[in-house]
Amino acid sequence: MEKERATLKDYGYRDFTLMNKIYKILKKFFVVFIIFGLYISIIVIAIQSVNESRIISEFTRLSFKWYGNIFQEEELMQAIKNTFLVSGIATVLATILGTFFAIGLYALGKKVRVIWMLLNNVPILNADIVTGFSLMLMFRLLMVVFPNIFGLFTLVMAHLFFTIPYVVLSVMPKLKETDPNLMDAALDLGVRPYKALIKVVIPAIKAGIFSGMLLALTMSIDDFVISYFNTGAGFDNLSIWIYAVIGRRNLTPSVYAFSTLLTLFTLLGLLIYSFLQKQKKGRKNEKNNINGRAS
Amino acid sequence: MNKEFKVLARPYMVWLSVLVFVPILAMILISISNLNSSVSVGELMISFSHFKLLLESSTLIAFRNSLVFATLTTLLSFVLGYFIAYEIKLSKFKNKFILLTIVILPMWSNLILRTESLANIMSENNILKSILGFNLFGNISGTGVAVLFGLVFTYMPFMILSVYTALEKIDFALEEAALDLGLSPIKKFWKVVFPLSLKGVVTGSIMVFLPTLAGFAIPKILSRGRIVFIGTIIENKFVYTNYNHGALLAVVILFFILGSILLLTKFDKEGETLL
């Protein structure tokens, strides 16, 4: 009698083709839906920026007049200036201070550092509304001594409070990666510790400092809640100004034009950055090839 | 690292101690006393009379709204965000940086402006309708669905980033081993990949849950003021300079945050992998 042949199934083979097909269709649907959800608001902003009519519910004609109008809108220009002023000061200070603070915390040794890193995370994890509200209360209490404290000063202080932790957090892993012998070598060669810090350690953690700076800038420039509570004397940044104008229902389309320009510039910057990275990689590969051939 | 550099941390220790603790202590003090702009420090009295606010039905409804929407937003952005993060990891596209950039690019334009334009196209007559001829979103302006849509797509990038970071760290050899040992792809995912990415999921969930719970701008704009979150009440108290009530509600939110931080430290011992 002929023995029954073992099927593929008996060997443990299972057929997933149908499942894979279903998954593939679902996948496409989900990806489209998510990209749509993420980008719909930006697309609408772009459409509104090239709409000739001031009325936002109707598309009349293609026009770029709102782009030219950005500089004529005094309130908008003031808000943009304020935003860049606050974020500029906060980002520069946070990057410099945060780097040195991170180096200091790293030198403390692991046990003590963990506690301070936990405290460092508080401004990041804490809800904006609690940070903003409680800082505002503290500044209010200080008003007894400094009556005109609210405005640029309180805004920059508040922004520093939540941007420095991001810089510390992105510099710290780079510090851990650096070779401790680097510093010792520099010291052995007779360099003073602080000079060695600037000449040896800082270049080694450059990438961390840069990404920390970018994070700080991103967080600072887009901040609404913390700024909302801590500004004063009509010192509005872009978010606060837009929020206030929405309430009055007469937002100028130039805001959309400005936002679209900003998005395009960001996109351009990213493209240039990734292009440069690619070139750098290419050059490295070339070098390796040459070295490989030589040896 | 040279021990001499310890000095560099000292100013930051002072800065953190002052700016983390003083405002929070001031907030707690103001929430349990009669201190406000008209009372001088000499007449300061501890009183718990503001606590009645917590039992008012409007406050309770606001708390319920905040919690329900924060939970739903976290769940939805977990499902959608995990899916996208996993697809980015699997994709054969060489430059993962570009894929991640596509996900976070929208975050670089102004949040309030994005929310406002979202609210615009959700209303009955909108600019997309005048171009397309039909209403893309139906007429969901002012409803919970509108708020949920806005919240999910605003905060999902955080989830995607932290899940992706966790997924990237998983050794591919582990997955191969699981398949060699006879697990089906689905089982492999649930038994190997998912548990290893749990840390990223927890971090991502907290990064979505907390800002949603405490937010006020997005729900206010998208619900046209109809759905009140706890943040909305705090903002109102701030506008009408009722700092005692505002402080009290902020203290309550603070407790939620402390709980989340404790949860995070359980998964993330050194507290240094937040990014």
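Is B:F238 buried or exposed? I looked that up first: B:F238 is buried, at a relative accessible area of 14%. For my own notes, buried means under 20% relative accessible area, exposed over 50%, and partly exposed in between (1.4 Å probe, protein chains only).

Ground rules next. I'm reading a predicted model, where local features need pLDDT of at least 70, side-chain atom pairs count only at pLDDT 80 or more, and totals for chains, interfaces and linings use all residues. Residues are numbered from 1 along each chain as its sequence is written, chains are lettered from A and ligands numbered from 1 in the order in which they are written, and side-chain values use heavy atoms, with hydrogens and water left out.

Aromatic rings. I found 33 aromatic pairs over all chains. Rings of Phe, Tyr and Trp (its six-membered ring) pair if their centres lie within 6.5 Å; planes under 30 degrees apart count as stacked, over 60 as edge-to-face and the rest as tilted. One of the pairs is A:F229 with B:F238, edge-to-face, with 4.6 Å centre to centre and 75° between the planes. This pair crosses between chains, from helix α10 (residues 225-230) of chain A to helix α11 (residues 230-239) of chain B. I checked A:F229 too, and it is buried at 1%. Both rings belong to one aromatic cluster, whose members include A:Y228, A:Y243, B:F216 and B:Y243.

Then I looked at B:W190 and B:F194. Their ring centres are 5.2 Å apart and the planes sit at 65°, so I log this pair as edge-to-face. Both lie in helix α8 (residues 185-196) of chain B, 4 residues apart, about one turn of the helix. An α-helix has 3.6 residues a turn, so residues three or four places apart point the same way. Still, B:W190 is exposed at 52%, whereas B:F194 counts as buried at 16%.

Helices here are DSSP runs (H or I, at least four residues; strands are E, at least two), numbered from the N terminus.
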